[in-house]
Amino acid sequence: MRSRQAAPGRSFAKRFWLQRYLMLLTLPAVAWMIVFNYIPMYGIVIAFQEYTPFQGFLHSPWIGLANFRELFNDPTFTQSLSNTFKISIAKLVFGFPAPILLALLLNELVYKRFKRIVQSLTYLPHFVSWVLVVGFMYTLLDPDTGVITRMLETLGLIGPDTMLMGDEKAFLPLVVFTEVWKNIGWNSIIYLAAIAGIDPQLYEAGVMDGANRFQRIWHITLPALKPTIVILLILSIGGLINSNFDQMYLMQNSMTQDAANVLSVYSYEMGLVLGRFSYGTAVGVFQSVVAFILMYAANYGSRKLTKESLF
Amino acid sequence: MIGTRWKQAACMTVALAVLAGCSSNTNTNTNANTQEAATTGNNAAGKEANNATAEGTTTEAGGPSWKQDTSPFTFTQYFYGNWASNYLWKDQFAMKLVTEKTGVTIDRKLATGSDDDYLNTMIASGDLPDTIMLDWNNPAVSKLIKNGMVYSIDELIENYAPDLKGMLDEEMVKYHSVDGKLWYLPNYFETKERLTSGVPITPIRPWFIRKDIYEAIGSPKIETTDDLLAALKQAKAKFPDVSPVGVEFFDVAKNGFEGSLSMDYLIYSFAPQLLEERIKDDQKIVEYPMRNKGFIDAFRYMNTLSREGLFDPQLLIYKQEQYEEKLYGAQYAVASQFMDGMYTRYNPKIESTLGAEKKYDILGGIKANGQTPRYPASRLMGWQGFFVTKKAKNPERIIRFAEYAWSDEGQLDFLYGKEGETYELVDGLPQYKPEVRDLMLKDNNAWYAKYGLTASTLLWRSGKTIDAAATRDFKKDQPEQFEAKKLLEKFNYDVYPLGMENLEPEGSTSEGVINVKVKDLWNKTIPKLVLAKSDEEFDGVYADFIAQMDKVGAANVEKVMYERHLEDLKKKGIQ
């Protein structure tokens, strides 16, 4: 992932020529990127226009930053922005270390068959759609008949007749919990793969030196995982401003709508539901710019602190 | 206010009840005329239409324009309503009949997912089908017209199908013209007589009570809101496992300001004059209903139910499916559901799975504070418009096809099929053959799949003469529902002259944005009101809401609603 392998001292042209066959191989992918990712990007100009479909984005009148001005003056937008960060940060704090822990635990299992079963069971939820998950939640959290509600009630954690799905305070914990439950197994796969790539001699040497299990994890496994962890962390920080639209949209109802209003829901409602394409795009542009800044900052910070970075 | 769901419901009721018009408003057909149309086929329609248009202009003399070319031709159509899988063309009887006669096949498409998303994306990308069937009061309609994305129907008629002009109802043309032109052909436009003739109209979502529970509490009179409260308390005492009240899902964006469609029943009891009271001519505004005392009293009543433990707060966050599931299980003592749904879907299912004693019976209109309820009944001002887009490859064939669909012959083919095969004439009126009717009542989906009747052209134009036939069939097929509808009919009043249709500002205008914010605020206020622990809390929440609503600029919307109210009156020729 770090592109510093090329021999130093040679000019770009020369290196390019030496790698010409490889370059040729990447050509289709580059063309694909240009056609499907870069050219459509021109469409963001409608964020600065009073876009009407009939005139198209070539002829719609320009209105400068009017959309953005309205955006920053809309309290619903500010609310959605703060909700987005609140939810994303909570997801990052709890959701990011969880798969690492799971991977470490799984790796320590001696009985391979059990390991495989646990691994499969934990990543299966990743394939269940949010529609179903939220459906389960309504059933499991029903104040009268829900299994989980009953359990929490018996344990004295919640009062009788608590409607968890309609409780603004319960919204964030539920969002984070379901997210972790759904993706912990899936996200641990990449760590397990990285662990599998660690040279067994290191562990053997560790054993010879009298390192116990925790010491082996701490001094061998984790340092070997560091590049993977850092890169995934940079990517997740870049994604802080994107919240899971499916999950939010499905979990919101009239009693939790203030907590569930995140940027993606806001831009969907403004852009598609109301048909204000320019305004919706403005929200999207804002989101992309912030995501870019966040990712760049995370990358920079990580390069300074750990010498690991994505680019 | 009259949401799509209501129209959908109405449409299905109508389809089921075979209240499908095959007479034309302009031609004022008598039964004999219908018979003539049926027996002599297109000649009757063609002849009358020709008489109506004196000029006769470009069409070749002697026949309807669609007969000039009956070679195979397919056009695409988007139908706004993702529920309408029964309307897809799959070689059903009625579809084959249409293709046989006109050569036309409709490649009809539905949205996958949300219709508004689909439609807006289609408009934004300019990737339109040949034709669109879209609710005429959908905000996207003005976009289509203003952006020049659709043909003017007038022009198409003039150029290619002059006979169609004479077949259109003048009142309809006037009401539906925008900037002096007709841009779509609206289906389901009903004339004024509809309010007094035909199958009784039920403009609200009625409330029902479970038969066995009602008997167990001694069949008390339920005529006022207090009676209802007392009955619910008794029901709860005798049947602690049953949830006392069931209402449909709450969502202001989808259902309008009443929140839940079931609230209408209470709202028009507590505020019988609601619509009149909202119009403030002196201030030149049409108020939001949330400012009306009676309207809020309906929610106060729900609050009372909630505080008495008679209302399950889950209903505030339920989705429609969750409510339906419980209703199929007859888990409510008193439940709300649209009339036809209760009698054709829930009651039969409950009878077959749980027993006839658990079926639901209609509750009459209830008085609140001594006032008699008034239900705003509206004949349908049209449901969907048939638009021909500028992308249409052959607008000529399409408008000629519309002429066929609009003609008496087309209507008969569309609704009843072929004489002798799917219908016969009884007293001069068409009636399904027994096997067709039985399948329709027994297995509606199978009926659609086999015959496709009422699903081919979708250009319903109902009228007064056929109402008799519809009423006849409805009475015979669904006596219980007919009685229920009769019971509530006496509370109806004609809402047409009030000019309160289609008031809310368009979504993309600045008032439209405010309106969305108001709806959003109201949407989260409803649960707070219903679940308030005391009167003080209720009043506090309400006062907060009004303050917030004023802050986001509700007054601007109220002015626009007044302008639109005047416009509506003008279109109807009242002022």
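In this predicted model, strands β13(B) and β14(B) form a hairpin with two residues between them. D427(B), in the turn, has a positive phi of about 50°. The two strands, β13 at residues 423-426 of chain B and β14(B), run antiparallel and are joined by four bridges. Within this pairing, Y423(B) has Y432(B) in β14(B) as its bridge partner. In a regular strand, side chains alternate between the two faces of the sheet. Strand β14 (residues 429-432) of chain B is covered on both faces: L429(B) and Q431(B) are buried on one side, and P430(B) and Y432(B) are buried on the other.

Chain B also contains an open sheet of five strands with mixed pairing, in the order β2-β1-β3-β12-β4. Its edge strands are β2 (104-110) and β4 (185-186) of chain B, each of which pairs on one side only. Strand β3 (residues 131-135) of chain B pairs with strand β12 (residues 384-388) of chain B in the antiparallel sense, over five bridges. D135(B) has Q384(B) in β12(B) as its bridge partner.

Two loop residues of chain B also have positive phi values. D91(B), a residue other than glycine, has a phi near 65°. D91(B) is placed in the loop between β1 (73-79) and α4 (93-102) of chain B, and it counts as exposed because its relative accessible area is 60%. S219(B), likewise not a glycine, has a positive phi of about 40°. S219(B) belongs to the loop between α10 (211-216) and α11 (225-238) of chain B, and with 39% relative accessibility it is partly exposed.

Over all chains, the structure holds 38 salt bridges. Side chains of opposite charge can pair when their charged atoms come close. Three of these pairs are listed below.

| Salt bridge | N to O distance |
|---|---|
| E179(A) and K91(A) | 3.3 Å |
| E100(B) and K418(B) | 3.7 Å |
| D438(B) and R437(B) | 3.6 Å |

E179(A) is buried, at 18% relative accessibility, and K91(A) is buried with a relative accessible area of 14%.

The pair in chain B ties together parts that are 318 residues apart in sequence, because E100(B) lies in helix α4 of chain B and K418(B) in the loop between α19 (408-415) and β13 of chain B. E100(B) is exposed at 59% relative accessibility, and K418(B) is partly exposed at 32%. In the remaining listed pair, D438(B) is partly exposed with a relative accessible area of 42%, and R437(B) is partly exposed with 22%. Elsewhere, salt bridges that share partners join K293(B), D297(B), R300(B) and D539(B) into one network.

For chain A, an unreviewed UniProt entry lists residues 81-298 as "domain: ABC transmembrane type-1". This span is 76% helix and 0% strand, and its end C-alpha atoms lie 20 Å apart. The unreviewed entry also annotates "transmembrane region" over several stretches of chain A, including residues 21-48, 89-111 and 184-203. Residues 89-111 of chain A are 83% helix and 0% strand, with end C-alpha atoms 36 Å apart.

A nonpolar patch lies on the surface of chain A, with about 980 Å² of accessible area together; among its members are V30(A), W32(A), V35(A) and F36(A). V35(A) sits in helix α2 (residues 20-38) of chain A and is partly exposed, at 42% relative accessibility.

Notes:
Residues are numbered from 1 along each chain as its sequence is written. Chains are lettered from A and ligands numbered from 1 in the order in which they are written. This is a predicted model: local features need pLDDT of at least 70, side-chain atom pairs count only at pLDDT 80 or more; totals for chains, interfaces and linings use all residues. Side-chain values use heavy atoms; hydrogens and water are left out. Patches are made of residues with over 30% relative accessible area and no salt bridge: like charges are joined within 9 Å, nonpolar side chains (Val, Leu, Ile, Met, Phe, Trp, Tyr) within 5 Å. Accessible areas come from the Shrake-Rupley method with a 1.4 Å probe; for residues, only the protein chains shown count as cover. A salt bridge is a side-chain nitrogen of Lys or Arg within 4 Å of a carboxyl oxygen of Asp or Glu. Buried means under 20% relative accessible area, exposed over 50%, partly exposed in between (1.4 Å probe, protein chains only). Two strands pair if DSSP finds at least two bridges between them. UniProt positions are given in the numbering used here, feature names are shortened, and annotations may be inferred rather than shown by experiment.
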